[in-house]
Amino acid sequence: MWINMGPQHPMTHGLWNLRIKVDGETIVDAEPEVGYLHRGIEKLCERRTYTQIIPITDRLCYGSSLTWSHLYCLTVEDLMNIEVPPRAEYIRVAAIEMQRIASHLMWLAAYAADLGMLVGFIYAMRDREIFIDLLQALSGSRLTYNYPRIGGVAHDAPPNFVRDSLRACDYMEGKIAEYEKLYDGSKVFMMRNEGVGVLSKEDAMNLGVTGPPLRASGVKYDLRKDQPYSIYPELDFEAVTHPDGDCYARYRVRMEEMRESCKIIRQAVQKMPQGKWRVLAPRIGPEGTGLGRVEDPRGEGMMYIVGNGTQRPYRVKIRSPIFVTVSAAKHMLLGYKVADVVAIMGGLDMCIGETDR
Amino acid sequence: MDKRGAGAPAGAIERAPTTVGENPEERTFKALLEAFPSTLTDFKKLRKGIVRARIERRDLLECCRYLKDKLGFEHISMISAVEYENRFEIVYHITCYGSCLLLELITQTPKDDPTVESVSSVWAGANWQERESYDLMGIKFNNHPNLERILLPKDFMYHPLRKDFKG
Amino acid sequence: MNLFQFCYGIIHWLVDLVNHLWYWLGDVLPGALGEFFNDVGDLAASHGNISVFAILLEVIVIVIIALINVLNFIWIDRKFMGRMFDFYGPYYVGYRIGGWLQNLADGIKLFVKEIIVPKKADKLGFLLGPIIFVGSSFLALATIPLGTRFGIETSPTDTGVPGSALIAFAFFAIAPFSILISGWSSNNKYSLIGGMRSAAQMMSYEIPLLLTVASVFLIAGSFSFTGIIDAQENIWFAIPLLLGFVVFLVCLVAEVEVQPFDLPEAEAELVEGWTVEYGGMRFGLFMMTSYLRGYIGGALATALFLGGWNGPHIIPEPIWFLIKAYIVFVIIEWARWSLPRVRVDQILNIGWKRLMPLAVVNLMIAATFKTLGWF
């Protein structure tokens, strides 16, 4: 019997459909269907100038929008061969890591709520407010920031930014320890997560899964360490992996990543030099191609831009990590029960905005 | 080229190493040239860790199998399709986890025959990406397990990313 | 004067008033109509028929007590949840008394909503499901006395209903059938799955529950609540039968279907499960009955394990009983908002493989105590 979970479903994190074939309680086949939120972003980008595309890339994944506009600016800077001033790089990295923590906290909130623990939802959202407030001080808005520009950032950091960021990092590290006690100490949480949705190393690499699910299956690959961009070579942090490939491993990887992000924010904010925060970019783009790769909170994001000598790009191609990870859902769901669907798909942290573009 | 360590005990968190092999770009270039002397052209190092090559489309599947089995390129990152005035170009970005190298492999097809071999038998991650290229740009992939529209409705008649589709 | 005499006095006064009014109407109205009133009054007041009115009054008293307690419980639930989640619970409606009137407001809202019956639903089952659910819960409630003189008596000499604990559990256990009927007659895949899961869960937790209760019967030597509570004058049964008390509480949580055992109503997966097609006050009835069963569970736990109304006589007995029932409920709520949901096959696992052996061990402990002559 084929059951449709979605597209209208209270807690499937976005507009997609999962068709599963069940035999009693066990899943024997699964087929995700996406495309309900397709907005034609790649075609839209061909009709706008390079600067006008930045707000559009914000809305690609509204859960972590700074990473996508930063990726776009990186790609265009690669195309136009622009060098970004160091102060802008440091501000960008601090903002991206704050966005990463906010995105992981939102994942944690939705995950806990799906599993039935509403306490986790409220606590994670409450802590996310702190980082959203910091980002609002930087850029003026809470969800889609429109903050990076080609050649730097839009505005300078506000006066008390360093002090507030350090305070936020201290607070967050205490809270992460509290969350680990709350979740790891709960036998029911462990029962629902351990051994569920196992994805082996070879499968993960073959299926194109990237990001925390890949690192949770034991592959040590983090784009910030292995193909560093921006000023990541000068920062001291570690990439986190976990040998089992189940839902608990993905949860652990994300919690540790939040800790590492706190470390990165501390270093970036304290090492920030004075100077210019933006270089003016040329209006007319050169002919050629530009490639950008970023470690998004959900995986490996890439952009490939082809310029043709006018002020509009010729082709913008966006690689979304969740698009490929969702295609691997079938391998992770076979053989488990219907009640595990929520845990498994929730552990992948799906954001449909970037899947469907 | 394999840098992954032995499995840690269950429950442990591993930290990734930060070293890569010496000059993997040269090694890849030499190995590919040896295997496909006639069809591989235009080898260029874009920046540290990213190289580009062009290949003719009749050798594409062979080259991909060779990359995966012999040279250890385990992950296909992106499959893009670009339409120019006289040709289609299909760009494959393939990653090697062991040596942290990204290879940009470009194939060309003539304008009136946009078909290419599917690489989803080599990397299963290429499945949905090829479907997306078919859906939005109209590139047909031979031997694809399930070449259907994915982002647009199943009965949509056009390929929107083509330049002659004015929306 | 204790609480029972107070309630009795008020009802007596009301009955007197109605009596006077009725006969006054009979005198005032002319001719055959007045005679009709007088005859009806005589018929109603004659010896055999007064018991009908007495029973009606008993029903009204029980329903009022139950509903007030349910309102309190819902209020405690929402306030407690609010404080655990770091926000306030209901706040504005009934501002001065802490938001207690919010539940009344929600009830009125549910009354004015439209009741939609799906076209292909089985009309009789759709109608009967909530009725059986609510009715059996109230019946279970009726047999629980709140004090030595505050409860239903079936005859002037007996205290309380004979075998009342047995009857209470029998009525309590009718619920799975009504859930199955409601889920099936809604003609909806999801509610059917929810109904089946719910019925499976409830039935599998009935057995450890009843085994624990059997151990209490064994020690107390009586099937009725008054007998059990009188046997607890020296020591509460929770202390020798601690294992049984813990098993009883866990089974109660599973019977009442709160987190962590509320998968049949899980929002994330099945969109409210077996009540999905019900709207308006019918849905309100289900919600109310869920809290009512929570109250019944708390009252049962108090009566069987926590000594019922035994306590120092500075506070009247029914208040003691209610305080203990509320404490049990607060413990259940505490567990409810701190734990994630357990998967359904894990729920059945716990019920059959872990709780049943513990309940049997508890029964053996009770038998040991009984043979040693300590009780």
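Which residue forms a salt bridge with A:Asp340, and how far apart are the closest N and O atoms?

Reply: A word on the ground rules: this is a predicted model, in which local features need pLDDT of at least 70 and side-chain atom pairs count only at 80 or more, while totals for chains, interfaces and linings use all residues. Residues are numbered from 1 along each chain as written, chains are lettered from A and ligands numbered from 1 in the order written, and side-chain values use heavy atoms, with hydrogens and water left out.

Now to your spot. The partner of A:Asp340 is C:Arg343, and the closest N and O atoms of this salt bridge are 2.8 Å apart. H8(C) gives the most, with 4 residues. As for the names, helices (H or I, at least four residues) and strands (E, at least two) are DSSP runs, numbered from the N terminus.

In all, 24 residues of chain C are in contact with 29 residues of chain A, where contact means heavy atoms within 4.5 Å. The area buried between chain C and chain A is about 2300 Å², with carbon and sulfur atoms giving 63%. (Buried area is the accessible area, with a 1.4 Å probe, that two parts lose on being put together, summed over both.)

Chain A has another partner to look at. Of the 2 pairs of chains that touch, A and B have the most contacts. Chain B brings 55 residues to that meeting and chain A brings 53, and about 4600 Å² is buried between them, 57% of it from carbon and sulfur atoms. Chain B and chain C, on the other hand, do not touch, and their nearest C-alpha atoms are 21 Å apart.

The A and B contact holds 4 salt bridges. In one of them, the side chains of A:Lys317 and B:Glu132 meet at 3.5 Å, N to O. The chain B elements that each supply at least two residues to this face are strands S1 (14–15), S3 (50–55), S4 (75–83), S5 (87–96) and S6 (101–110), plus helix H3 (126–137). S4(B) gives the most, with 9 residues. B:Glu132 itself is found in helix H3 of chain B. At 4% relative accessibility, B:Glu132 counts as buried; with a 1.4 Å probe and protein chains only, buried means under 20% relative accessible area, exposed over 50%, and partly exposed in between. Leaving aside neighbours within four places in sequence, B:Glu132 is in contact with A:Glu42, A:Lys317, A:Phe323 and A:Arg357 across the way, and with B:Met137, B:Ile150 and B:Leu151 in its own chain.

What sort of chain is B, then? Its secondary structure comes to 3 helices and 8 strands, following the pattern β-α-β-β-α-β-β-β-β-α-β along the sequence. Chain B has 167 residues, and 52% of them are buried. Among contacts in chain B with a separation of 6 or more, 51% are between residues 24 or more positions apart.

Back in chain C, have a look at the rings. The structure holds 28 aromatic pairs over all chains. C:Phe126 and C:Tyr278 have ring centres 4.3 Å apart and planes at 5°, so they are stacked. C:Phe126 sits in helix H5 (residues 123–142) and C:Tyr278 in the loop between H11 and helix H12 (281–305), so this pair ties together parts 152 residues apart in sequence. Both C:Phe126 and C:Tyr278 are buried. For C:Phe133 and C:Phe286, the centres are 5.7 Å apart and the planes at 45°, so that pair is tilted. C:Phe133 lies in helix H5 and C:Phe286 in helix H12, so they link parts 153 residues apart in sequence. C:Phe133 is buried at 4% relative accessible area, and C:Phe286 is buried at 3%. (Rings of Phe, Tyr and Trp, using its six-membered ring, pair if their centres lie within 6.5 Å; planes under 30 degrees apart are stacked, over 60 edge-to-face, the rest tilted.)
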